[in-house]
Amino acid sequence: MASTVPVEEPHKVFDTILTLDFGSQYSHLITRRLRELQIYSEMLPCTQKLADLSWKPKGIIFSGGPYSVYDKDAPHVDPAFFELGVPILGICYGLQEIAWHESKTNVIAGSEREYGHAGVKAQRCGGQVDRLFDGLEDEMTVWMSHGDRLSQLPESFRVIATTSNSPYAGIAHETKNMYGIQFHPEVTHTPRGTKLLENFSVGICKAKREWSMEDFMVQEIARIRSLVGEKDQVLGAVSGGVDSTVAAALMKEAIGDRFHAVLVDNGVMRLNECAIVKETLEGHLGINLTVANGTEQFLSGLKGVTEPEAKRKFIGGKFIDMFEAEAEKIEVGAAKDAGKVKWFLQGTLYPDVIESISFKGPSATIKTHHNVGGLPKRMTEGQGLKLIEPLRELFKDEVRDLGRKLGINHELVMRHPFPGPGIAIRILGEVTPERVEIARKADHIFISMIREAGLYDQISQAFAALDPSKAVGVMGDKRVYQYIIILRAVQTTDFMTAKAFPFPFDFLDQVSTRIVNEVDGVCRVVYDCTSKPPGTIELE
């Protein structure tokens, strides 16, 4: 029986607030806060043309950014968005972008910068201009991060908030639903910021709070069935991580045995990883799984490769080669009445998309994600494979929620992420069989001890990496010259920003002792306490 559920993309089903990103480190948090309010939100570069947008948002938010609107090469939004007839909220640079659009002379460099906490005072003017601060206190603590400021109020705007250094900390148009604030409501440093975003999205934009994993799951299953049809087969990459596991379970729910999961043993997996994945996917979830052994191909191809991007690209390319070969085997071995393998499943997440897209072009990309960017032309031209990414709009915590809705057990749903390039990007420099084995054993000890201490679910991602810069040590009264192990553990909700986990020193001391005693070739262990930013979660 055909499904009656609409099979459109989420932004065509759910009321959606669009964030146009001007490059702020906080931009992604706007989308996160809105989704926490059960309002669907997406983020696109500020260079997005309205004419190329196939859907209409309920409201638009201009993010902050590191630029000055008056600079020659400053980014500016497509003027057509101002004529779309939906409410607009400008945050920091976004406020200045609104003012600059109204008059090209009213934004200047401030004589005093505002970075950090500030006290903002709401100015009650009466009427619709007050709606942004409905239910909020007249005086609030907010987070500022700006150097430029308005020099004068744009025509037909009113002041709705001030600080000691910003006479125009909040502005609103007298008749249009257009608002600007100089502070950042999306960060936790602005305690009442979520309420302000709720006032804009629900009170002003009239967006319905309908975004839930239950609805998304029903919607996405229907969309998958519509895309794939009744006979086509789907090939999917799995790694044992939560993303690929949830994507596989969703695909299994949608099309049953026509989904074929492939796990490539690339020689840089965690200890006993392939056996664990096989037991989980085949034994517990009933998913068709093929394990393809590519250890020799990967490790020989990585010989002499030291640059992180070169590692990622080689591994990504070799993955595609092996998946292509497995697709042909599956198709040849299929029943005569079975459809062809026409689709390729990837567990791409929204943070992957955000980090891999920059409105300033590829040069500003932080790093290449193995599962963003589609397939090579040889696989997509003519009758080749088509990409299907059911998790592309989701953040990590939303994926975990979806996994629970699909009946995946707690231990698997909460499993820490494991990157596609595996241990290869947890070895600084050249990847060798010896180094892989050392990193693998150290990682197993670290993760096992985290579990034994009851800390695993408090940590978002943890692993042990290897620094090939050897250090001097003393073992058995003898001088040794051996590898350094770097421990990394972070806490995060969206994987866009993260903080190092505050282990008790005694715990780190115990981990260090076990690794040095049990892993040959290691004489020193250090803990990486760098936040993201400036660091990334993975070392490469």
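Q: Where does Ser239 lie?
A: This is a predicted model: local features need pLDDT of at least 70, side-chain atom pairs count only at pLDDT 80 or more, and totals for chains, interfaces and linings use all residues. Residues are numbered from 1 along each chain as its sequence is written, and side-chain values use heavy atoms, leaving out hydrogens and water. Helices (H or I, at least four residues) and strands (E, at least two) are DSSP runs, numbered from the N terminus. Ser239 sits in the loop between strand 10 and helix 6 (242-255).

Q: Is Ser239 buried or exposed?
A: Buried means under 20% relative accessible area, exposed over 50%, partly exposed in between (1.4 Å probe, protein chains only). Ser239 has 18% relative accessibility, so Ser239 counts as buried.

Q: Which backbone nitrogen does the side chain of Ser239 reach?
A: A polar contact is a pair of N or O atoms within 3.5 Å; within protein, one must be able to donate a hydrogen and the other to accept it, and residues adjacent in sequence count only if both atoms are side-chain atoms. At 3.2 Å, the side chain of Ser239 reaches the backbone nitrogen of Gly241.

Q: Which backbone oxygen does the side chain of Thr245 reach?
A: Thr245 lies in helix 6. Its relative accessibility is 2%, so Thr245 counts as buried. At 2.7 Å, its side chain reaches the backbone oxygen of Gly241.

Q: For which feature does UniProt list Ser239 and Thr245?
A: UniProt positions use the numbering here, feature names are shortened, and annotations may be inferred rather than shown by experiment. The unreviewed UniProt entry lists Ser239, Gly240, Gly241, Val242, Asp243, Ser244 and Thr245 as "binding site".

Q: Which strands stand at the edges of the sheet?
A: Two strands pair if DSSP finds at least two bridges between them. The open sheet has five strands in the order 12-11-10-13-14, with parallel pairing. Each edge strand has a single partner strand, so one side is left without a neighbour in the sheet; these are strand 12 (288-293) and strand 14 (386-388).

Q: What is the bridge partner of Leu263 in strand 12?
A: Strand 11 (residues 259-265) and strand 12 pair in the parallel sense over six bridges. Leu263 also touches Ser239, where contact means heavy atoms within 4.5 Å. In strand 12, the bridge partner of Leu263 is Val291.

Q: At about what angle does helix 6 run to strand 11?
A: Axes are lines fitted to C-alpha atoms, for helices over the stretch in contact, and angles run from 0 to 180 degrees between N-to-C directions. Helix 6 lies across strand 10, strand 11, strand 13 and strand 14. Its angle to strand 11 is about 155°.

Terms used:
Lists of a residue's contacts leave out its neighbours within four places in sequence.
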